[in-house]
Amino acid sequence: MLETLIKVDLNKSPEEQSDVLHNRWHPDIPLVAMVKPGAEFRVECIDWTGGQIENDDSANDIRDVDLTKVHYLSGPIGVEGAEPGDLLVVDILDVGTLAESQWGFTGLFAKENGGGFLTEHYPEARKACWDFSGIYASSRHIPNVSFPGIMHPGLIGCLPSKELLAEWNTREAALVVTDPDRVPPLAALPYAPTAVMGQMKGAAAEAAAKEGARTVPPREHGGNCDIKDLTKGSRVYFPVYVKGAGLSMGDIHFSQGDGEITFCGAIEMAGYLDIRVNLIKGGVKKYGVTNPIFKPSNLSPKFDDYLIFEGISVDEDGKQCYLDAHVAYRRACLNAIEYMKKFGYTGEQAYAILGAAPVQGHISGIVDIPNACATLWLPTGIFDFDIRPNADGPVIAVKGGKDLAVVS
Ligand code: ZN
């Protein structure tokens with residue numbers, strides 16, 4: 001077992017562990033440890049909400065979750081010799097659960113608090129809890145489904161420079177002013193009251209908290225990319241913006257479908273990441289890198305059979321949109337949900353399956369005017385019944401059992 005560089009305590013609040021955790025991006029957050037290129041080490045992470053969600057049968061915690069607090073990240077970790085313009089090579093050697101926390105959750109966020117990809121169709125808070133059994137997950141809230149996890153960090157990246165941070169804040173604020181009262185908001189702007197700035201203290205921490213970027217979107221440094229294939233065995237090349245690089249990570253998922261469509265759509269959990277770091281000096285320029293690039297793992301769950309749902313860029317009201325992949329993927333997801341409902345699932349259960357199971361999303365056509373074509377690949381092997389179409393019509397396989405937890 002590797003040396004544990006960052007250890008967390010699930011019985012303590014994230015604020016009590018600010019010596020190793022932070023929930024904003026800012027170049028001045030002090031490095032919590034220094035490692036040499038070639039070093040291998042373990043990093044433990046709390047779940048992205050910092051323990052706000054319980055393993056129970058009520059969605060009140062999902063409805064009430066304080067999204068200004070997320071995501072809690074472990075780090076930043078310094079790498080000796082790293083300088084702006086280098087590429088930080090991160091090998092994800094292993095990802096796992098913590099012995100004391102063998103469960104995870106999927107949330108459908110309420111439209112007024114977070115929302116999700118299909119929030120206009122599913123505006124209310126719901127929750128599914130998942131139990132882990134080795135590599136498999138199953139949920140008392142979603143019967144007749146089980147699948148192997150592809151554990152991965154939803155969020156990982158290096159600290160931004162002062163200039164890059166300013167650019168993020170400027171462009172995101174400019175977007176929000178175009179529709180400042182929108183629900184959910186167009187972007188999550190800096191918010192000082194709930195900022196955890198790591199080991200920064202006093203006036204410096206207060207000032208930095210006012211400009212620290214929220215962790216919600218993916219950006220040039222990677223961040224909250226939610227790429228399900230970033231699992232053990234993969235290698236990522238991150239641009240370095242500050243001396244020492246400042247690598248931080250968190251938001252570990254047991255499994256996730258492409259798009260993480262319910263927003264809290266993966267199976268969220270606390271866990272650990274085993275990491276090896278190396279440097280490519282001057283790699284940003286050498287390889288023309290703007291956003292991180294990565295190499296997938298040789299390990300992945302084996303699903304050979306899929307039902308593939310198509311969606312085109314015509315919205316739910318029949319409006320023709322121009323090559324809009326967002327609309328096309330939404331329609332593909334809605335088509336998959338309608339299909340799964342024929343086997344006895346509620347729409348909410350089907351929505352949660354698309355967020356959490358290893359479904360694939362593809363942009364299949366993006367040039368054939370006026371319709372983009374997106375496809376949603378549903379692995380048939382995750383169901384304990386035959387979900388393929390046949391001449392006899394669908395059999396109601398999902399009988400009894402619980403639905404997703406609702407607000408009580
Ligand atoms: Zn997540």
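Biologist: Among contacts in the chain between residues at least 6 apart in sequence, what percentage join residues at least 24 apart?
Modeller: Bear in mind that the model is predicted. Counting contacts between residues at least 6 apart in sequence, the share that joins residues at least 24 apart is 81%.

Biologist: How many helices and strands are there in the chain, and what is its radius of gyration?
Modeller: The chain holds six helices and 21 strands. For 408 residues the globule rule gives 22 Å, and the chain comes close to that, so it is as compact as a globular protein of that length; its radius of gyration is 21 Å.

Biologist: Which residues supply the protein donors of the zinc ion?
Modeller: The donor atoms lie 1.9 to 2.8 Å from the zinc ion. In sequence the donor residues follow the spacing D-x1-H-x14-E. They are Asp251, His253 and Glu268.

Biologist: Is His253 buried or exposed?
Modeller: Buried means under 20% relative accessible area. Asp251, another zinc donor, has 2% and therefore counts as buried. The value for His253 is 0%, so His253 is buried.

Biologist: With which side chain does the side chain of Arg126 make a polar contact?
Modeller: Arg126 belongs to strand β8, residues 126-133, and counts as buried because its relative accessibility is 12%. Beyond its neighbours within four places in sequence, Arg126 touches residues including Ala59, Thr106, Glu348 and Val406. The polar contact, at 3.5 Å, is with the side chain of Glu124.

Conventions
Residues are numbered from 1 along each chain as its sequence is written. This is a predicted model: local features need pLDDT of at least 70, side-chain atom pairs count only at pLDDT 80 or more; totals for chains, interfaces and linings use all residues. Side-chain values use heavy atoms; hydrogens and water are left out. Helices (H or I, at least four residues) and strands (E, at least two) are DSSP runs, numbered from the N terminus. Buried means under 20% relative accessible area, exposed over 50%, partly exposed in between (1.4 Å probe, protein chains only). A polar contact is a pair of N or O atoms within 3.5 Å; within protein, one must be able to donate a hydrogen and the other to accept it, and residues adjacent in sequence count only if both atoms are side-chain atoms. Contact means heavy atoms within 4.5 Å. Donors are N, O and S atoms within 2.8 Å of the metal (3.2 Å for Na, K and Ca); water is not among the atoms, so sites may look incomplete. The radius of gyration is taken over C-alpha atoms; the globule rule is 2.2 Å times the number of residues to the power 0.38.
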